[in-house]
Amino acid sequence: MTSFMIGIVTVVAIFCILVLALNIRWGYCGLLDFGVAGFFLIGAYTAAILISAPSESFLFGERYTVGYGIAWPLGLIAAAVASGILAFLIGIPTLRLRGDYLAIVTIGVAEILRYVAINEKWLTRGVQGIRNIKRPFESFFPPASLPSDIILLVLTLAILALFLIIANRLYVSPFGRVLRAMREDEVVTSFLGKPVINFKMLTFILGGIYMGVAGALFAMYTTAIEPYQFIPTYTFLIWACLIVGGSGNNWGAILGGALLMGLFVQATRFLPSVAGQPQLIPALRYIAVGVLLILVLRLRPRGLLPEKAITKEIGDIHA
Amino acid sequence: MLKAEGIVKNFGGLRAVDDCSIEVEKGSIVGLIGPNGAGKTTFFNVITGMYKPNAGRILFKGEDITGLRPDRICQRGITRTFQVSRELKIMTLLENILLAFKDQRGENIIRGILNPANVREQERENLGKSVEILKAMHLYELRNEPVAILSGGQRKMLELGQASATGPEMLLLDEPTAGATAAETAMLVNFIKRMREEQGLTFLIVEHKMEVIMGICDKIIVISYGRKLMEGSADEVRQNEEVREAYLGREA
Amino acid sequence: MIYLGFGIITGAVLALPAVALSLLCRNAKFFNLAYGDQLGLTAYLVLFFNVSLGINFPTSVVLSIIISAALGVIFYWIIFKPLREHGGLILLVASLGLAFIIHNTELAIWGPNPQKYNIPFEAGLRLGPFIVTPIQLTVICLSLALTGGIFAMLRYSGIGRAMRATADNLELATIKGVDTERTFIWTWAICSATAGLGGVFLALITTLTPWTGFTALLLLFSALILGGTGNLIGALIGAMIIGVVSECAGIIPLLAPYKIAIAFAIMCICLLVRPSGILGTERGF
């Protein structure tokens, strides 16, 4: 029982990192990222390829480029780097254009990455996915045990807390000030001497790093990943979490993530499956989330926890 | 200090600016006037880097700044304000001014996150300077309010203060007294004069209010139908026949 | 050669919804991400009438298109119109939400497996170097004819002129007495109906799954951006290019599963090199 609860909290925390990342891109900077699943995927696969056990590189007589058995911290860092690089590459052509274009490009890139994961079997083992992804300290605590779950939970929460602190500090910093100005009026901010596109790129990359790390954590949590776990549906879910929770507000992001994802996972436990139509209940859940998203946009667009203004008093500089 | 040579700007089939050239000497206050729709706003927008000219070039301190990105132009020392005050309404007055300072260490993403001592120190410094600017504008009491609550004239003053915070060598002001009361206008005019005297700033001002232009400008340039009609001192402009015609009976 | 033939068919089938999407985006001033799923939904509606209810195919199509048009107007009324004041980016998010509602509705009702219509199987005819079935031929001709029809409507009909006016300059159109609200409703209705028809055609030449709509979305937007956003003729040309190139990419076995990715890559390169597209964007977008 406890193991199950710990698992739920871990997965919710991972998604909260994703919502936080999206808040940095959209809430702080107004960047429309509809490709969250793609950055998540890159992080997960990079970590999985590096961390998974060497036994994975060999299946039914085929050799794959996976399973280097590298230590998990390096896997995390590699995931962050890969995701950051992806953000940079996407950003170069699109950040100087209107926001809508970023939206479309990110949708497509996420899907293309998924196609690559499915088709480039030599790298990703295709639809079989990668298994035997090692958890932290696996030699001491085997994966199916309670201590292993607890360790991963602690790690996830620690990273979430760290990312939250970074995001908050960024918001009140002069960098964050420029972002808030850009969100309101890019032209004026530009004329005040701020290189707007650089700020956008850095924000986009930071969001990417968060998402990549979340992906790595996810890979370690499930210990087995496959392409179907990264369909656009999850991008949409993260957006719903952010909008409902309150975009522009980091606590709103976490609240939205916890609320929606928590409910989501819980809902499966209590609703019975309709015989012969296993996809009905999950689909209904997504429909409900979609309707909720649109309702929130219409009735309370700023979400549950709207953004707070910043006032600065003399002598009130953050020490 | 600022030289525009042979500027041409077309919009679709329309030639808004037709071979305009002007020169602004360092430390002077130059006015740009002309009837509405005469192309002076377009011309101004080209000089300030908002539009790229179809022909011609703009030189600042001898260097070609034609077609540069707006933030690069500001970095070089020219700051502009906007006709319809484009202040950042959600942010507070203080934040608007703080935003404008150049070379803020905290704007670097790593330093912003880590917030080391030198970033905090610079913030404190800038905060102090912002307070001075706001006090000079008589806006200090409202420093933590969102800009949205300011009146039109107050916004213009804030905008001028914000522009001065960027530490420019030259200011290009687009109707700096639009919507300001008589008292506010007088204050704004005073600030401009003081900035020229105390900091040696150069000004190019687009204005409609004749008393303002005549009052502070060393030189006035008249633009009509996209062309430079004439330039000269306030008296010369006042007495010029063509200028009077261009304004069709407006008080010149 | 077969690839080229299929490429032309795909291009022709995409052309109709691409042009309509371009028209819609130009009028509504945002990228409607639910458009692809509007295509898919109508295709599923036809499936419902044709297979579940046993109604003959042409009637099913007509019924479904009418419903699609009505749905488009409903979407406008309850989702997009009230959110207009928040700007294009929020509308984009809302359209994404709508897309997923539609997608999951399809998934819930019909399941993930590919579906087929109740129409007789036909052998292919030889037409020069190509082999086409009569259905494919009908689809191409209808698609291109109707695309022409849209251009004609825009040029010569009252509502077409109204659409152009509101797209170019909303305030000016209102001042000149154009009933902009009615124009918007008509725009959504016509573009949704066209999407629906495009969806049916697409389902006829490929398979129908809940993912068909989303895939169509990617292809359509690639076509739109390639040809120049807001430019209707550009959308047509973009669609043809995307159709041909993505299908012909199948010649290289390595690239075969990446047909859609190729289309997408073309769009991305276009954005890098010439963001305004081949024919350039029109004013007003």
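This is a predicted model: local features need pLDDT of at least 70, side-chain atom pairs count only at pLDDT 80 or more; totals for chains, interfaces and linings use all residues.

Author: Happy to. Residues are numbered from 1 along each chain as its sequence is written, while chains are lettered from A and ligands numbered from 1 in the order in which they are written.

Reader: How much of chain C is buried?

Author: 53% of the 285 residues of chain C count as buried. A residue is buried if 20 or more other C-beta atoms lie within 10 Å of its own, exposed if 12 or fewer, and partly exposed in between, with C-beta atoms placed from the backbone.

Reader: Can you pick one helix of chain C for me?

Author: Let's take α2 of chain C, residues 35–52. α2(C) is mostly covered, with 15 of its 18 residues buried. C:Gly54 follows α2(C) and has a positive phi, near 75 degrees.

Reader: Now the contact between chain C and chain A: how many residues does it take from each?

Author: The contact takes 33 residues from chain C and 36 from chain A. Two residues are in contact if their C-beta atoms, placed from the backbone, lie within 7 Å. On the side of chain C that touches chain A, the largest share, 15 residues, comes from α4(C). That side divides into 27 nonpolar, six polar and no charged residues. Here Ala, Val, Leu, Ile, Met, Phe, Trp, Tyr, Cys and Pro count as nonpolar, Asp, Glu, Lys and Arg as charged, and the others, Gly among them, as polar.

Reader: What about chain B against chain A?

Author: There, 32 residues of chain B are in contact with 29 of chain A. The side of chain B that touches chain A divides into 14 nonpolar, nine polar and nine charged residues.

Reader: Which residues touch the most other members of the largest nonpolar core?

Author: They are A:Ile17, A:Leu18, A:Val19, A:Leu20, A:Tyr210, C:Ala18 and C:Leu220, in a core of 274 residues. A nonpolar core is a set of buried Ala, Val, Leu, Ile, Met, Phe, Trp, Tyr and Cys residues joined through C-beta atoms within 7 Å. Helix α9 (residues 196–222) of chain A gives the most to this core, 17 residues. Leaving aside neighbours within four places in sequence, C:Ala18 has contacts that include C:Leu220, C:Leu224 and C:Ala239.

Reader: Back to chain B. How many helices and strands does it have?

Author: Chain B has 10 helices and 10 strands. Its C-alpha trace spans about 60 × 40 × 35 Å along the principal axes, and buried residues make up 46% of its 252 residues.

Reader: Why is strand β3 of chain B described as largely enclosed?

Author: Five of the five residues of β3(B), residues 29–33, are buried, so the strand is largely enclosed by the rest of the structure. B:Ile29, B:Gly31 and B:Ile33 point one way, and B:Val30 and B:Leu32 the other.

Reader: Which strands does β3(B) pair with?

Author: Pairing needs at least two bridges found by DSSP between two strands. β3(B) pairs with β8(B), residues 202–206, in the parallel sense over four bridges, and B:Ile29 has B:Phe203 as its bridge partner there. Four bridges also join β3(B) to β9(B), residues 219–224, again in parallel. In β9(B), B:Ile220 is the bridge partner of B:Gly31, and B:Val222 is that of B:Ile33.

Reader: And where does β9(B) go next?

Author: β9(B) and β10(B) form a hairpin with two residues between them, and B:Tyr225 in the turn has a positive phi of about 50 degrees. Five bridges join the two strands, which run antiparallel.

Methods:
The expected span of a helix is 1.5 Å times one less than its number of residues.
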